[in-house]
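Load the model in your viewer and keep the selection panel open. The stops below move from the sheet to a helix, and then to the rings.

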Amino acid sequence: MTAPLPTPSLQTARLRLRAFDDADADDIFGLQSNAHILRYWDSPPWTERSRAEQFIASCRRIEQEGTGARLAVDRVSDGAFIGWCTLNSWNPDFRSASLGYCYDDAAWGQGYATEAARALLGWAFGTLDLNRVQAEADTRNAASARVLEKLGFVREGTLREDCVVNGDVSDSWIYGLLRREWRPSSEPAPAH
(Lines give C-alpha, C1' and ligand atoms only; values in the text may rest on other atoms or scores of the structure.)
Protein backbone atom coordinates (compact mmCIF):
# COMPACT_ATOMS: atom_id res chain seq x y z
CA MET A 1 0.00 0.00 0.00
CA THR A 2 1.29 3.43 -0.90
CA ALA A 3 0.73 6.60 1.12
CA PRO A 4 -2.73 8.20 1.03
CA LEU A 5 -3.37 10.37 -1.99
CA PRO A 6 -5.57 13.31 -0.93
CA THR A 7 -8.37 13.90 -3.40
CA PRO A 8 -7.80 17.33 -4.94
CA SER A 9 -10.33 20.14 -5.19
CA LEU A 10 -10.13 21.60 -8.68
CA GLN A 11 -11.99 24.49 -10.29
CA THR A 12 -12.51 25.34 -13.94
CA ALA A 13 -14.45 28.18 -15.52
CA ARG A 14 -17.72 26.21 -15.27
CA LEU A 15 -17.04 23.28 -12.97
CA ARG A 16 -15.95 22.36 -9.47
CA LEU A 17 -14.30 18.97 -8.92
CA ARG A 18 -14.30 17.77 -5.32
CA ALA A 19 -14.20 14.73 -3.08
CA PHE A 20 -17.46 12.81 -2.70
CA ASP A 21 -19.28 13.03 0.60
CA ASP A 22 -22.23 11.16 2.11
CA ALA A 23 -24.69 13.84 0.89
CA ASP A 24 -23.94 12.76 -2.71
CA ALA A 25 -25.56 9.34 -2.31
CA ASP A 26 -28.89 10.23 -3.96
CA ASP A 27 -27.18 11.98 -6.89
CA ILE A 28 -24.74 9.15 -7.55
CA PHE A 29 -27.53 6.57 -7.32
CA GLY A 30 -29.62 8.55 -9.81
CA LEU A 31 -26.71 8.62 -12.24
CA GLN A 32 -25.57 5.01 -11.88
CA SER A 33 -29.10 3.56 -11.99
CA ASN A 34 -29.91 5.16 -15.36
CA ALA A 35 -29.78 2.47 -18.06
CA HIS A 36 -29.51 5.04 -20.87
CA ILE A 37 -26.43 6.65 -19.34
CA LEU A 38 -24.81 3.28 -18.68
CA ARG A 39 -25.65 1.65 -22.02
CA TYR A 40 -21.92 1.32 -22.85
CA TRP A 41 -20.82 0.64 -19.27
CA ASP A 42 -19.14 -2.62 -18.32
CA SER A 43 -21.57 -3.26 -15.47
CA PRO A 44 -25.37 -3.07 -15.22
CA PRO A 45 -27.24 -0.09 -13.79
CA TRP A 46 -27.64 -0.13 -10.04
CA THR A 47 -30.93 -1.30 -8.60
CA GLU A 48 -30.19 -0.84 -4.89
CA ARG A 49 -29.47 2.52 -3.25
CA SER A 50 -26.91 0.85 -0.94
CA ARG A 51 -24.59 0.76 -3.97
CA ALA A 52 -24.25 4.55 -3.64
CA GLU A 53 -22.90 4.26 -0.10
CA GLN A 54 -20.51 1.53 -1.30
CA PHE A 55 -19.35 3.79 -4.14
CA ILE A 56 -18.64 6.69 -1.76
CA ALA A 57 -16.80 4.32 0.61
CA SER A 58 -14.71 3.07 -2.33
CA CYS A 59 -13.81 6.70 -3.15
CA ARG A 60 -12.39 7.05 0.36
CA ARG A 61 -10.66 3.68 0.11
CA ILE A 62 -8.76 4.48 -3.11
CA GLU A 63 -7.70 7.78 -1.55
CA GLN A 64 -6.42 5.99 1.59
CA GLU A 65 -4.73 3.26 -0.47
CA GLY A 66 -3.07 5.94 -2.60
CA THR A 67 -4.24 4.35 -5.86
CA GLY A 68 -6.19 7.23 -7.34
CA ALA A 69 -8.83 9.91 -6.95
CA ARG A 70 -12.52 9.92 -7.85
CA LEU A 71 -14.12 13.35 -7.93
CA ALA A 72 -17.69 14.59 -7.98
CA VAL A 73 -18.26 17.22 -10.67
CA ASP A 74 -20.61 20.12 -9.91
CA ARG A 75 -21.66 22.92 -12.25
CA VAL A 76 -20.53 26.25 -10.75
CA SER A 77 -23.53 28.26 -12.03
CA ASP A 78 -26.12 26.36 -9.98
CA GLY A 79 -24.13 23.89 -7.85
CA ALA A 80 -25.80 20.92 -9.56
CA PHE A 81 -24.05 17.53 -9.48
CA ILE A 82 -23.54 16.50 -13.13
CA GLY A 83 -21.27 13.46 -12.83
CA TRP A 84 -17.85 12.27 -11.82
CA CYS A 85 -14.38 11.64 -13.15
CA THR A 86 -11.59 9.47 -11.85
CA LEU A 87 -7.92 8.83 -12.09
CA ASN A 88 -7.32 5.28 -10.92
CA SER A 89 -4.78 2.47 -11.06
CA TRP A 90 -2.09 5.02 -10.24
CA ASN A 91 1.33 3.40 -10.40
CA PRO A 92 4.03 5.77 -9.08
CA ASP A 93 6.81 3.41 -10.25
CA PHE A 94 5.59 3.43 -13.86
CA ARG A 95 4.22 6.99 -13.52
CA SER A 96 0.95 5.86 -15.06
CA ALA A 97 -2.78 5.87 -14.31
CA SER A 98 -6.16 5.39 -15.98
CA LEU A 99 -8.82 8.04 -16.64
CA GLY A 100 -12.56 7.42 -16.43
CA TYR A 101 -15.76 9.47 -16.22
CA CYS A 102 -19.55 9.31 -16.16
CA TYR A 103 -21.97 12.21 -16.67
CA ASP A 104 -25.71 12.76 -16.48
CA ASP A 105 -27.24 12.76 -19.94
CA ALA A 106 -28.60 16.29 -19.39
CA ALA A 107 -24.96 17.44 -19.27
CA TRP A 108 -23.89 15.70 -22.49
CA GLY A 109 -22.75 17.69 -25.50
CA GLN A 110 -21.74 20.80 -23.53
CA GLY A 111 -18.02 20.14 -23.14
CA TYR A 112 -18.21 19.36 -19.42
CA ALA A 113 -16.49 15.95 -19.68
CA THR A 114 -13.60 17.47 -21.62
CA GLU A 115 -13.31 20.44 -19.24
CA ALA A 116 -13.32 18.28 -16.10
CA ALA A 117 -10.90 15.72 -17.54
CA ARG A 118 -8.54 18.50 -18.64
CA ALA A 119 -8.44 19.80 -15.04
CA LEU A 120 -7.87 16.30 -13.64
CA LEU A 121 -5.15 15.59 -16.20
CA GLY A 122 -3.43 18.86 -15.30
CA TRP A 123 -3.33 17.69 -11.68
CA ALA A 124 -2.15 14.22 -12.74
CA PHE A 125 0.71 15.40 -14.93
CA GLY A 126 1.66 18.24 -12.57
CA THR A 127 1.20 16.93 -9.02
CA LEU A 128 1.62 13.20 -9.66
CA ASP A 129 4.30 13.66 -12.33
CA LEU A 130 2.68 11.07 -14.58
CA ASN A 131 4.23 10.04 -17.86
CA ARG A 132 1.20 8.17 -19.26
CA VAL A 133 -2.56 8.15 -18.79
CA GLN A 134 -4.67 5.42 -20.35
CA ALA A 135 -8.40 5.35 -21.03
CA GLU A 136 -10.87 2.90 -22.56
CA ALA A 137 -14.08 3.52 -24.48
CA ASP A 138 -16.64 1.11 -25.88
CA THR A 139 -16.25 1.21 -29.67
CA ARG A 140 -19.93 2.17 -30.00
CA ASN A 141 -19.47 5.22 -27.75
CA ALA A 142 -18.45 7.86 -30.29
CA ALA A 143 -19.06 10.72 -27.84
CA SER A 144 -16.59 9.35 -25.31
CA ALA A 145 -14.04 8.75 -28.06
CA ARG A 146 -14.42 12.41 -29.13
CA VAL A 147 -13.79 13.59 -25.56
CA LEU A 148 -10.57 11.60 -25.37
CA GLU A 149 -9.39 12.76 -28.79
CA LYS A 150 -10.09 16.43 -27.92
CA LEU A 151 -7.85 15.94 -24.88
CA GLY A 152 -5.03 14.66 -27.09
CA PHE A 153 -5.39 10.93 -26.42
CA VAL A 154 -4.25 8.65 -29.22
CA ARG A 155 -6.18 5.49 -30.06
CA GLU A 156 -3.63 2.72 -29.61
CA GLY A 157 -5.67 -0.37 -30.32
CA THR A 158 -8.79 -2.40 -29.83
CA LEU A 159 -9.53 -4.95 -27.14
CA ARG A 160 -11.71 -7.40 -29.01
CA GLU A 161 -14.79 -8.70 -27.20
CA ASP A 162 -13.41 -7.63 -23.84
CA CYS A 163 -16.75 -6.69 -22.23
CA VAL A 164 -20.30 -7.89 -22.08
CA VAL A 165 -22.54 -4.82 -21.99
CA ASN A 166 -26.24 -5.46 -21.38
CA GLY A 167 -25.81 -8.99 -22.67
CA ASP A 168 -23.97 -7.91 -25.83
CA VAL A 169 -20.32 -8.74 -26.34
CA SER A 170 -18.48 -5.52 -27.15
CA ASP A 171 -15.06 -4.24 -28.08
CA SER A 172 -13.15 -1.42 -26.40
CA TRP A 173 -10.73 1.09 -27.79
CA ILE A 174 -7.58 1.74 -25.77
CA TYR A 175 -6.32 5.31 -25.69
CA GLY A 176 -3.06 6.69 -24.34
CA LEU A 177 -1.84 10.18 -23.57
CA LEU A 178 1.85 10.77 -22.94
CA ARG A 179 3.26 13.63 -20.92
CA ARG A 180 5.10 15.03 -23.95
CA GLU A 181 1.80 15.13 -25.90
CA TRP A 182 -0.21 16.81 -23.12
CA ARG A 183 -1.57 20.29 -23.85
CA PRO A 184 -3.11 21.84 -20.70
CA SER A 185 -5.12 24.36 -22.68
CA SER A 186 -7.52 23.64 -25.49
CA GLU A 187 -4.78 24.09 -28.10
CA PRO A 188 -4.65 21.13 -30.48
CA ALA A 189 -1.96 18.53 -30.10
CA PRO A 190 0.62 18.39 -32.87
CA ALA A 191 0.00 15.94 -35.69
CA HIS A 192 1.56 12.51 -35.14
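Select strand β3 (residues 69-75) together with β2 (15-19): five bridges join the two, which run antiparallel. Strands pair here if DSSP finds at least two bridges between them, and strands (E, at least two residues) and helices (H or I, at least four residues) are DSSP runs numbered from the N terminus. Within this pairing, L15 stands opposite R75 in β3.

This is a predicted model, in which local features need pLDDT of at least 70 and side-chain atom pairs count only at pLDDT 80 or more, while totals for chains, interfaces and linings use all residues. Residues are numbered from 1 along each chain as its sequence is written, and side-chain values use heavy atoms, with hydrogens and water left out.

L10 stands opposite L17 in β2, and the bridge partner of Q11 in β2 is R16.

S96 counts as buried, at 17% relative accessibility (buried is under 20% relative accessible area, exposed over 50%, partly exposed in between, with a 1.4 Å probe and protein chains only). Leaving aside neighbours within four places in sequence, S96 is in contact (heavy atoms within 4.5 Å) with S89, W90, N91, L130 and R132.

Move to helix α3 (residues 112-126). Of its 15 residues, 13 are buried, and the helix is mostly covered. At 1.5 Å a residue, α3 should span 21 Å, and its end C-alpha atoms are 21 Å apart, which agrees; the expected span is 1.5 Å times one less than the number of residues.

Next, display the rings. The structure holds seven aromatic pairs. Rings of Phe, Tyr and Trp (its six-membered ring) pair if their centres lie within 6.5 Å; planes under 30 degrees apart count as stacked, over 60 as edge-to-face and the rest as tilted. Select F20 and F55: their ring centres are 5.2 Å apart and their planes at 85°, so the pair is edge-to-face. F20 lies in the loop between β2 and α1 (25-32), and F55 in helix α2 (residues 50-65), so the pair ties together parts that are 35 residues apart in sequence. F20 is buried at 6% relative accessibility, and F55 is buried at 9%.

Then select Y101 and Y103, a tilted pair with 6.4 Å centre to centre and 40° between the planes. Both are buried.

Finish with two charges over rings (NZ of Lys or CZ of Arg within 6 Å of the ring centre and within 35 degrees of the ring normal). R70 lies over the face of F55, at 4.3 Å from the ring centre. The charged end of R155 sits over the ring of W173, 3.7 Å from its centre.
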